[in-house]
Amino acid sequence: MGRVTERRKVIRIRDGAVSSRPDTLVAEEPLEIRLNGKPLAITMRTPGDDFALAAGFLVSEGVLGGQRDLRNIVYCAGATVDGSNTYNVVDVQTAPDVVIPDITLERNVYTTSSCGLCGKASLDAVRTTARWPIADTPPVRVSPELLASLPDRLRAAQRVFDRTGGLHAAALFSEDGELLDVREDVGRHNAVDKLVGRALQNGELPLSRAVLLVSGRASFELAQKAVMAGIPVLAAVSAPSSLAVDLAAEAGLTLVGFLRGSSMNVYAGEDRIALRAAAVQG
């Protein structure tokens, strides 16, 4: 199986001085996801947590909704011409009663580490396939101070990033700020899939009391994955896209962007942010 990191020779230039040295890089390899034996999607990912990644991907596609929907996940032997197992092909076997949507007709099933599900259909597709409305009972409430503390805690938990500087991360926190899980990957959407897939495997969906924090920006795909997993709060250290904001507003998702230090922008679902009334102006 591929390793999380690899070593490569680099030429280092510092203040005019040239030297040669090995450098630690994050590994990136393709993963083909098959559904009941049929090829479905290919994503570029950091090897590791591949079964959780595949399961989380299928949650976001509306195929899996709970632990009982998943019968088995295996690496495919004989994935190459010579019959060797590359550990880059997984087959997800669903329970017999799981209805498989015709998702291959809705989008291009090639995904990359940067763009997520390229060509994904519009907001209507998420609305019609979401299993759990984001309705909190009792309501989730998080303070700005709690949100402001989360990026540093995520950064401290990024073990591979410390060695490579080349990984995105996603973390699940409780509404009280407890770190529940963290995953790293060359693609931020893969890191989220790994979190959601692990939650499915553990019988923890929907994640209706969780806060999802992602490094980088909040794209439509990440908002989609939060909605499909029943997560009420999504926070990102960078900007959201316009479509992510539209989806959050429509689905009732709290979306926070530019979460840096004590500053942040709340783009949707501000009712879950415990703001002092006097501090909210025009």
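1. A residue counts as buried when its relative accessible area is under 20%. Ser219 has a relative accessible area of 8%, so Ser219 is buried. This is a predicted model, and the points below should be read that way.

2. Ser219 sits in the loop between strand E9 (210-214) and helix H6 (220-228). Its side chain makes a polar contact with the side chain of Glu221, at 3.3 Å. Leave aside the neighbours within four places in sequence, and Ser219 is in contact with Ser241 and Ala244.

3. Now the chain as a whole. It has seven helices and twelve strands. Of its 282 residues, 50% are buried. Take the contacts between residues at least 6 apart in sequence: 53% of them join residues at least 24 apart.

4. Helix H1 deserves a close look. Ten of its eleven residues are buried, so H1 is largely enclosed by the rest of the structure. The buried residues are Asp50, Ala52, Leu53, Ala54, Ala55, Gly56, Phe57, Leu58, Val59 and Ser60. What do they pack against? The partners are strand E3 (29-35), E4, E5, E6, H5 and H6. Just after H1, Gly62 takes a positive phi of about 80 degrees.

5. How do H1 and H5 pack? Two packed helices are described by the angle between their axes and the distance between the axes. For H1 (residues 50-60) and H5 (residues 188-201), the angle is about 90 degrees and the axes are 6 Å apart. Angles of 65 to 115 degrees count as roughly perpendicular. H1 and H5 are therefore roughly perpendicular to each other.

6. Which residues make the H1 and H5 contact? From H1 come Phe51, Ala52, Leu53, Ala55, Gly56, Phe57, Val59 and Ser60. They meet Asn190, Asp193, Lys194, Val196, Gly197, Arg198, Leu200 and Gln201 in H5. By type, the contact holds eight nonpolar, five polar and three charged residues.

7. The structure holds two aromatic pairs. In one, the ring centres of Phe51 and Tyr75 are 4.9 Å apart and the planes lie at 40 degrees, so this pair is tilted. Phe51 is in helix H1 and Tyr75 in strand E5 (residues 70-75), so the pair ties together parts 24 residues apart in sequence. Phe51 also takes part in the contact with H5. Is Phe51 buried, partly exposed or exposed? Its relative accessible area is 26%, so Phe51 is partly exposed.

8. The other pair is Tyr75 with Tyr87. Their ring centres are 5.0 Å apart and their planes are at 75 degrees, so this pair is edge-to-face. Tyr75 lies in strand E5, and Tyr87 in the loop between E5 and strand E6 (89-94), so the pair ties together parts twelve residues apart in sequence. Tyr87 counts as partly exposed, at 31% relative accessibility. Phe51, Tyr75 and Tyr87 form one aromatic cluster.

9. Exposed means over 50% relative accessible area. Lys38 has 62%, so Lys38 is exposed. The C-alpha atoms of Lys38 and Asp91 are separated by 8.0 Å, although the two residues are 53 residues apart along the chain.

Conventions: Residues numbered from 1 in each chain as written. Predicted model: local features only at pLDDT ≥ 70, side-chain atom pairs only at ≥ 80, totals over all residues. Heavy atoms only, no water. Axes fitted to C-alpha atoms, helices over the stretch in contact; angles between N-to-C directions. Helix = DSSP H or I, 4+ residues; strand = E, 2+ residues; numbered from the N terminus. Parallel < 35°, antiparallel > 145°, perpendicular 65-115°, else oblique. Contact = heavy atoms within 4.5 Å. Nonpolar A, V, L, I, M, F, W, Y, C, P; charged D, E, K, R; others polar. Buried < 20%, exposed > 50% of the residue type's maximum accessible area, 1.4 Å probe, protein only. Polar contact = N/O pair within 3.5 Å; in protein donor to acceptor, adjacent residues only side chain to side chain. Phe/Tyr/Trp six-rings, centres within 6.5 Å; stacked < 30°, edge-to-face > 60°.
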